[in-house]
Amino acid sequence: MSNDMSQEDKSKKLAEALLKGWKMLPETCPVCGSPLFETPGGEVICAVCGTKVILVQSEEDVKVEKQKLILGKIISDLIRYLEREIYEAEDNLSNERIDRINLMLDAINKASSIYRSLSHQERKHK
Ligand SMILES: [Zn+2]
């Protein structure tokens, strides 16, 4: 792509991208240094030179993503155990069973709150 594009042309391309409803990102194009845009289709593209870029998540984001995945699985497992416990109990809720149910509810609660704080942390990053 030409490097001799005038500043005016560049501005026009940026304006066009915004008019198309593309979202401007904080990252810049590795080729020409212009701001990158995210299209409604989720593609990341340079509005000036047309370079398509794949943004790599930061290591921290990947880690948070993994933790959320694991927590999500723990929560759904716990809910399944809980459902089984309640189903098996039918009409006779022994104290032991109530204790187990309470422990599970506690664990679900804790896991959910960690999950929420991870999501919050992630939003802050971006
Ligand atoms: Zn570019």
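Q: Are Cys-46 and Cys-49 buried or exposed?
A: Both Cys-46 and Cys-49 are buried. Buried means under 20% relative accessible area, exposed over 50%, and partly exposed in between, with a 1.4 Å probe and protein chains only. This is a predicted model, where local features need pLDDT of at least 70 and side-chain atom pairs count only at pLDDT 80 or more, while totals for chains, interfaces and linings use all residues. Residues are numbered from 1 along each chain as its sequence is written, and side-chain values use heavy atoms, with hydrogens and water left out.

Q: What coordinates the zinc ion?
A: Cys-29, Cys-32, Cys-46 and Cys-49 do, each through SG, at 2.2 to 2.3 Å. Donors here are N, O and S atoms within 2.8 Å of the metal (3.2 Å for Na, K and Ca); water is not among the atoms, so sites may look incomplete.

Q: What spacing do the donors follow along the chain?
A: The zinc donors follow C-x2-C-x13-C-x2-C.

Q: Why is the arrangement tetrahedral?
A: Because the 4 donor atoms around the zinc ion subtend angles of 102 to 118°. Four donors count as tetrahedral if all angles lie between 85 and 135 degrees. The ideal angle for four tetrahedral donors is 109.5 degrees.

Q: New topic. Which residues are in the largest nonpolar core?
A: That core has 10 residues: Val-64, Leu-71, Ile-75, Leu-78, Leu-82, Ile-101, Met-104, Ile-108, Ala-111 and Leu-118. The elements giving two or more residues to this core are α2 (59–89) and α3 (95–125). A nonpolar core is a set of buried Ala, Val, Leu, Ile, Met, Phe, Trp, Tyr and Cys residues joined through side-chain atoms within 4.5 Å. Helices (H or I, at least four residues) and strands (E, at least two) are DSSP runs, numbered from the N terminus.

Q: How many residues does the second core have?
A: The second, separate core has 9 residues, including Met-5, Leu-25, Val-44 and Val-53.

Q: And where is Ile-114?
A: Ile-114 is in helix α3 and is partly exposed, at 42% relative accessible area.

Q: Which residue does Glu-85 pair with?
A: Glu-85 forms a salt bridge with Arg-100, the closest N and O atoms being 2.7 Å apart. The pair links distant parts of the chain, with Glu-85 in helix α2 and Arg-100 in helix α3, 15 residues apart. Glu-85 is buried at 10% relative accessible area, whereas Arg-100 is partly exposed at 36%.

Q: Which residues are linked in a network of salt bridges?
A: Glu-85, Glu-88, Arg-97 and Arg-100 are.

Q: What does Arg-80 form a salt bridge with?
A: Arg-80 forms a salt bridge with Asp-77, with the closest N and O atoms 3.2 Å apart. Both residues lie in helix α2, 3 residues apart, about one turn of the helix. Asp-77 is buried, with a relative accessible area of 17%.

How values were computed: Four donors count as tetrahedral if all angles lie between 85 and 135 degrees; four count as square planar and six as octahedral if opposite donors are over 155 degrees apart and all others between 65 and 115; anything else is irregular. A salt bridge is a side-chain nitrogen of Lys or Arg within 4 Å of a carboxyl oxygen of Asp or Glu.
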